[in-house]
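Subject: Structure handover

Hello,

Here is the structure I said I would pass on. Please look through it first; my notes follow below.

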Amino acid sequence: MSILSPNSHLLYRELHHRDLQQPQQPNWSNGCCSNLTKTCGFGFDQTKHDQLKKIVKRDCKVAAFWDLSRPAFVEMEPITDADLLDLILEKAKQASQPIVIDWMAAWCRKCIYLKPKLEKLAAEYDTKLKFYCVDVNNVPQALVKRGNISKMPTIQLWKDGEMKAEVIGGHKAWLVIEEVREMIKNFV
């Protein structure tokens, strides 16, 4: 149905007064409130900007159901040489906290795909252990030999200065993450 009016200001005024007498109810869907202004087709809004702000503040107070104090992901710190690895292992030994090292390569598709999933897993264990990554192409080969790395991605758990367990991730990422989760549960 289209409304013809000789003057668009009259149409706006009529619609605006009608809505002031019958206020809109907020539209709730998927846990969110969207109390959007309707347009008349001429580019005029039926509610004033200030009124809309008040409605949104009043009707759209939605409490979050998740813990905002915990991060969604924790970026893995890179290990660039053997001296840094020794320093990290010494700090972890003093804190009696295990660490997880992701040995990966920048050219490896599975490594690239797995990294964000490991960062998400790192957020789950944020206070219990730390996650690190090593790009095997950008570090000295002595460091790669020290980790005894032959395939990528390899995820190792180190505790008390020595490697305790590893997962070699050549299969589906969700399976690798589950294996890493089991490995962590065994040592944490």
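A residue is called buried when its relative accessible area is under 20%, exposed when that area is over 50%, and partly exposed in between (1.4 Å probe, protein chains only). By this rule, 34% of the 188 residues of the chain are buried. The model is predicted, so local features need a pLDDT of at least 70 and side-chain atom pairs count only at pLDDT 80 or more, while totals for chains, interfaces and linings use all residues. Residues are numbered from 1 along each chain as its sequence is written, and side-chain values use heavy atoms, with hydrogens and water left out.

Confidence comes next. pLDDT is the predictor's confidence in each residue, from 0 to 100. Its average over the chain is 78, and 64% of the residues score at least 70.

Now the fold. Helices (H or I, at least four residues) and strands (E, at least two) are DSSP runs, numbered from the N terminus. The chain has six helices and seven strands, in the sequence pattern α-β-β-α-β-α-β-α-β-α-β-β-α. A contact means heavy atoms within 4.5 Å. Of the contacts in the chain with a separation of 6 or more, 70% are between residues 24 or more positions apart.

The axes of helix α4 (residues 109-124) and helix α6 (residues 173-187) come within 10 Å and cross at roughly 35°; axes are lines fitted to C-alpha atoms, for helices over the stretch in contact, and angles run from 0 to 180 degrees between N-to-C directions. The residues in contact include Leu114, Leu118 and Leu121 of α4 and Val176, Ile177 and Val180 of α6.

Met104 lies in strand β4. The residue is buried, at a relative accessible area of 8%. Beyond its neighbours within four places in sequence, Met104 is in contact with Cys111, Val134, Asp135, Val136 and Met152. Ile155 is 51 residues from Met104 in sequence, and their C-alpha atoms are 8.6 Å apart.

Last, the cysteines. Cys108 is buried at 8% relative accessible area, and Cys133 is buried at 6%. A disulfide is a pair of cysteine sulfur atoms within 2.5 Å, and a search of the whole structure finds zero of them.

Regards
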